[in-house]
Amino acid sequence: MKKTIKYILLSLVLLAPLTSCDEGFDEMNINPVQPTELNPLYLMNRAVLFSSPAGTSLTYEIAIVQQVVSPNGGVLAGGNFNQLNRPFAIGTWNKFYRDVLKHTTDVKRFTRDDPNRANLYHMARILHSYSAMILTDTFGDIPYFEAGLGFLEGKVDPAYDRQEDIYLDVLNELEQATAGLSNASTIENGDVVYGGDIESWRRLGYSLMLRAAMRHTKVNPSRAQEWAVKAINGGVMTSNEDNLVIRHDFNYTNALGNTLNATEANNYYLAEPFEQFLREKNDPRLASIAVRFIGAGSGPDQNSSLAGNPPAGVTLSRSPEDQMGFPMGFDNQTIAAVVQERGLQSFYEFSQVDRTRMTARDAPSFLITYAQTSLLVAEAVVRGWVNGDAAELFENAVRANMEQMADYGSATEIPSDQIDAYIEANPLDMGNAMEQIGEEYWVSTFLNGHESFANFRRTGYPALTPNPYPGRDISGEFIRRLSYPDAEFAVNNQNIQAAISRQGPDNLDTRVWWDASTQEQIASNN
């Protein structure tokens, strides 16, 4: 008993100084220089930096539209072989759903009731719409109305929304955001895209609205026309100064550049259809894009040549007449017959995108451009929706995209006389206008696989020959969408199953809503 009392007294003595020191404890443990809240502009800028195309788009989107292709399987199998490769479909999902859409959701929530940040709120709505379009164009039905609300509202299993409903809301969001931007409100000078310039953001919003409107041409032409007219009348991009471009550096690197300058440096090649299209038209952009290692027998031969130490018998060439695209339908074994037939040392001799220029780690990423927008306006003119000179719009688009090449650096700049000569030799033929516009859109979206893939499905241009690789996982001619990530089946199975039941099987053949087949298009328009 005495021993117990002794322990109690000892404990009280020991505790006494601790409790007396507790006064002011909270104040002592506050860092006086640490911010207690986050400026939502920082989240917005982070969302912008995440908005450039995912490196995994080389595996699918860019290969599907036959711009760049790999002869290798395994982790690189996808659009090159028309095969399902779920782990590599996740790149687009993670980048735009987990990162961009989450950040823009937060920015909207933090600013929607703050009149001092009204411009930031509307800027976030525009970028949110851009991200949502990429996700729904790629996968079809996705979580949209409840996306990004896990922390804010506890919605950890968001419902998957119909693509048509998503697009209707995107159009309304863009209409409200462009109208809401105002020079009378706080100017967000720290914005990494336009430095807070209101007119530039407004033109971006209307240009994205035009893009969203054109997604409806197959399934709802009247809605496409209504919103295209509204966007064009609102005021779309007027020069390359309006481009939505992400400026990368060695802290915030280009995702495609990371892929092509690291483990996959020797594994991706310019696809023959794209290279031949440029070469046969004497397109000066080929000289800005391509490099070929003539005589290379291995990947190290390429690397040494780029480093300025080409092995004996290897020549680095950027001349258009020397380029040779990689033919579709071959893997690294079956290409051997083509290599022998053409008298090459190995498949390492085929042309690549020059990873020291357009796909350098610090190369910019062009997401929405004046050139692309002018082509969509030209299409609207050809369709008879708006007045204008389609030939002039087409010429402006070609010139803008060629002049845009200088943004990658002096080594890719195209001289003005070459631009003039190309435009003079390739005017818009009104009897073949839709095909020419579609082909030029394909070129102007080079390396932006998300938009190339979407517009190819929408228009059918360019008229590519289906990839003939024999080990295919599709029954149609081309891949129409990507499969959902495996993780979604584990964490949100009920909602993803509901989406699959109304949309169709979770495979590469199922079409998203706006990519209706001919039969579906006829039925919906009757």
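The questions and answers below take up cavities, a helix and aromatic rings in turn.

This is a predicted model, in which local features need pLDDT of at least 70 and side-chain atom pairs count only at pLDDT 80 or more, while totals for chains, interfaces and linings use all residues. Residues are numbered from 1 along each chain as its sequence is written, and side-chain values use heavy atoms, with hydrogens and water left out.

Q: How many cavities of 30 Å³ or more does a search of the whole structure find?
A: A cavity is a set of points, on a 1 Å grid over the protein atoms alone, where a 1.4 Å probe fits but cannot get out. Grid points are joined across faces, edges and corners, and a volume is the space filled by probe spheres set on the points. With the threshold at 30 Å³ or more, the number of cavities is eight.

Q: Which elements give two or more residues to the lining of the largest cavity?
A: The largest cavity holds about 160 Å³ of space. Its lining, meaning residues with an atom within 4 Å of a point, comprises 19 residues, with F366, Y408, F446, L447 and N448 nearest the centre. Helices (H or I, at least four residues) and strands (E, at least two) are DSSP runs, numbered from the N terminus. The elements that give two or more residues to this lining are β9 (365-368), α17 (390-404) and α19 (433-444).

Q: How many charged residues are in the lining of the second largest cavity?
A: Ala, Val, Leu, Ile, Met, Phe, Trp, Tyr, Cys and Pro count as nonpolar, Asp, Glu, Lys and Arg as charged, and the others, Gly among them, as polar. The second largest cavity, of about 80 Å³, has a lining that includes K281, E439 and E440. Four of its lining residues are nonpolar and two are polar, and the number that are charged is three.

Q: Why is helix α20 largely enclosed by the rest of the structure?
A: Buried means under 20% relative accessible area (1.4 Å probe, protein chains only). The buried residues of α20 include H450, F453 and R457, and they pack against, among others, α5 (86-111), α6 (118-139) and α19, where contact means heavy atoms within 4.5 Å. Helix α20 (residues 449-459) is largely enclosed because the buried share of its eleven residues is ten.

Q: What is the geometry of the pair formed by the rings of Y160 and Y484?
A: Rings of Phe, Tyr and Trp (its six-membered ring) pair if their centres lie within 6.5 Å, and planes under 30 degrees apart count as stacked, over 60 as edge-to-face and the rest as tilted. For Y160 and Y484 the centres are 5.4 Å apart and the planes are at 85 degrees, so the pair is edge-to-face.

Q: How many residues apart in sequence are the parts that the pair of F277 and W442 ties together?
A: F277 and W442 form an edge-to-face pair, 5.5 Å centre to centre with 70 degrees between the planes. Because F277 lies in helix α12 (residues 272-280) and W442 in helix α19, the separation in sequence of the parts tied together is 165 residues.

Q: Which residue lies over the face of Y484?
A: A charge sits over a ring if NZ of Lys or CZ of Arg is within 6 Å of the ring centre and within 35 degrees of the ring normal. At 4.8 Å from the ring centre of Y484, the residue over its face is R481.

Methods
On a 1 Å grid over the protein atoms alone, a cavity is a set of points where a 1.4 Å probe fits but cannot get out, and a pocket is an open set with protein on both sides within 12 Å along at least five of seven lines; lining residues have an atom within 4 Å of a point. Buried means under 20% relative accessible area, exposed over 50%, partly exposed in between (1.4 Å probe, protein chains only).
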